[in-house]
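The following questions and answers concern one structure, shown here.

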Amino acid sequence: MKVLVAGGAGFIGANFVRYLIRSRPDIDVVVLDKLGYAGNPESLAGLDRVQLVVGRIEDRDVVFPLVEQCDIVVNFAAESHNDRSLNDPAPFIYGNIVGCYVLLEAARTYGIRFHHVSTDEVYGSLTIGENRRFQPDDAYRPSSPYSASKAACDHLVRAWVRSFGVAATISVCSNNYGPYQHVEKFIPRTVTNLIDGIRPRVYGSGAQVRDWIHVQDHVQALCEIVERGRIGQTYLIGVDGELSNLQVARMILEEFGHDPDDIDYVADRPGHDQRYAIDNSLLVSELGWTPLYTDFRAGLRETIAWYRDHEDWWRPQKEATEAAYYRHGH
Ligand code: NAD
Ligand code: TDX
């Protein structure tokens with residue numbers, strides 16, 4: 001069996017490819033990735049049965065022949081950072097949305113199974129302190145150009161299932177952490193800043209809540225959904241990992257043996273979503289999924305150790321990433 005993994009040189013895509021190669025000797029993987037700033041072939045280093053094709057999902061001439069040769073397409077490819085989408089929305093619109101459309105058209109043409117990796121941000125912001133969590137059929141209320149582009153993709157997938165009978169599923173996951181995440185994202189940024197002797201930067205008050213899941217649990221859930229999920233269904237993936245940004249920054253400081261209040265508060269993100277929270281009951285009841293990383297502090301400790309041990313992987317991105325943050329007041 002051959003799986004086309006779009007965006008497989010990014011954080012979650014590379015962890016998915018690593019998991020597939022480790023656990024499924026019957027599977028060959030083709031990665032299609034534009035190798036933008038977040039795509040790193042080093043994240044796939046040392047893997048057998050993986051072919052990397054450098055190209056864009058919005059390029060029909062690249063996508064159609066690749067999809068024709070594969071049995072399943074899993075789409076991770078997207079510009080993925082909210083802050084970047086606020087500074088320049090264009091690649092989010094032309095890459096994420098048009099690219100998803102081209103992949104769907106290829107899947108429709110060749111009758112290929114399609115899975116689309118989405119985000120809880122499509123549902124917008126919950127209120128801090130309320131009990132409610134996101135449900136699969138909640139209305140879409142995206143806040144940023146990034147989350148609006150992801151919502152648009154989900155609408156396309158649902159329309160292609162209903163109108164054209166494409167065999168597709170969608171997964172909506174909460175904030176991921178773990179190895180191979182780009183140093184622009186909150187946890188790796190904070191960890192690598194501390195390695196460099198820089199205090200954590202927390203946006204606004206730091207009260208915003210994210211529902212953290214280890215990337216390993218995300219990719220295992222994806223395999224279950226791709227293999228056994230119901231066509232047309234949206235599955236929510238999360239592990240009850242709600243924490244405020246301030247709590248996460250303090251835990252990281254503690255792991256480094258620093259004062260947990262050793263934090264710089266910087267300008268808030270415009271339109272900042274206050275809280276995300278996933279109700280995973282459908283995934284658990286229907287597919288029997290169980291997460292491995294239920295202890296966030298243990299997963300965080302392992303992740304910090306990974307960044308300490310893999311400076312050669314993240315160091316080349318660090319200076320330019322921090323320079324961009326400083327230019328935008330973060
Ligand atoms: P990432 O930015 O680390 O990786 C994205 C990868 O896609 C990169 O390798 C990039 O080069 C590639 N890419 C981007 N646009 C492309 C295009 N037009 N054509 C070909 N390749 C392209 O992102 P990530 O954190 O690994 O996220 C992967 C997917 O999961 C995204 O769709 C994101 O929306 C979704 N997601 C992420 C999280 C999270 O916490 N990181 C949570 C839920 C969902
Ligand atoms: O230095 C920082 N300080 C800070 O307080 C950074 C980089 C972020 N933050 C805050 C903003 C968010 O509330 O931390 C939280 C997490 O920020 P990000 O890592 O940028 O993630 P977020 O915006 O929540 O989106 C992430 O999860 C959902 C991924 O980037 C998306 O791709 C995914 O869809």
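Q: Which residues of helix 8 (residues 245-255) are buried?
A: The model is predicted: local features need pLDDT of at least 70 and side-chain atom pairs pLDDT 80 or more, while totals for chains, interfaces and linings use all residues. Residues are numbered from 1 along each chain as its sequence is written, chains are lettered from A and ligands numbered from 1 in the order in which they are written, and side-chain values use heavy atoms, without hydrogens and water. Helices (H or I, at least four residues) and strands (E, at least two) are DSSP runs numbered from the N terminus, and buried means under 20% relative accessible area, exposed over 50%, partly exposed in between (1.4 Å probe, protein chains only). In helix 8 the buried residues are Asn245, Leu246, Val248, Ala249, Met251, Ile252 and Leu253.

Q: Which elements do the buried residues of helix 8 pack against?
A: Contact here means heavy atoms within 4.5 Å. By that criterion, the buried residues of helix 8 pack against helix 6 (186-195), strand 8 (201-203), strand 9 (209-211), strand 12 (242-244), strand 13 (264-266) and helix 10 (296-309).

Q: Is glutamate 255 exposed or partly exposed?
A: The relative accessibility of glutamate 255 is 22%. Glutamate 255 therefore counts as partly exposed.

Q: How many residues apart in sequence are the parts tied together by arginine 24 and glutamate 227?
A: The side chains of these two residues, arginine 24 and glutamate 227, meet in a salt bridge of 2.0 Å, N to O. Arginine 24 is in the loop between helix 1 (11-23) and strand 2 (28-33), and glutamate 227 is in helix 7 (residues 215-228), so the parts tied together are 203 residues apart.

Q: Which residue forms a salt bridge with aspartate 240?
A: Aspartate 240 counts as exposed, at 54% relative accessibility. In its salt bridge the closest N and O atoms are 2.6 Å apart, and the partner is arginine 133.

Q: How many salt bridges are found in the whole structure?
A: The search covers the whole structure. The number of salt bridges it finds is 25.

Conventions. A salt bridge is a side-chain nitrogen of Lys or Arg within 4 Å of a carboxyl oxygen of Asp or Glu.
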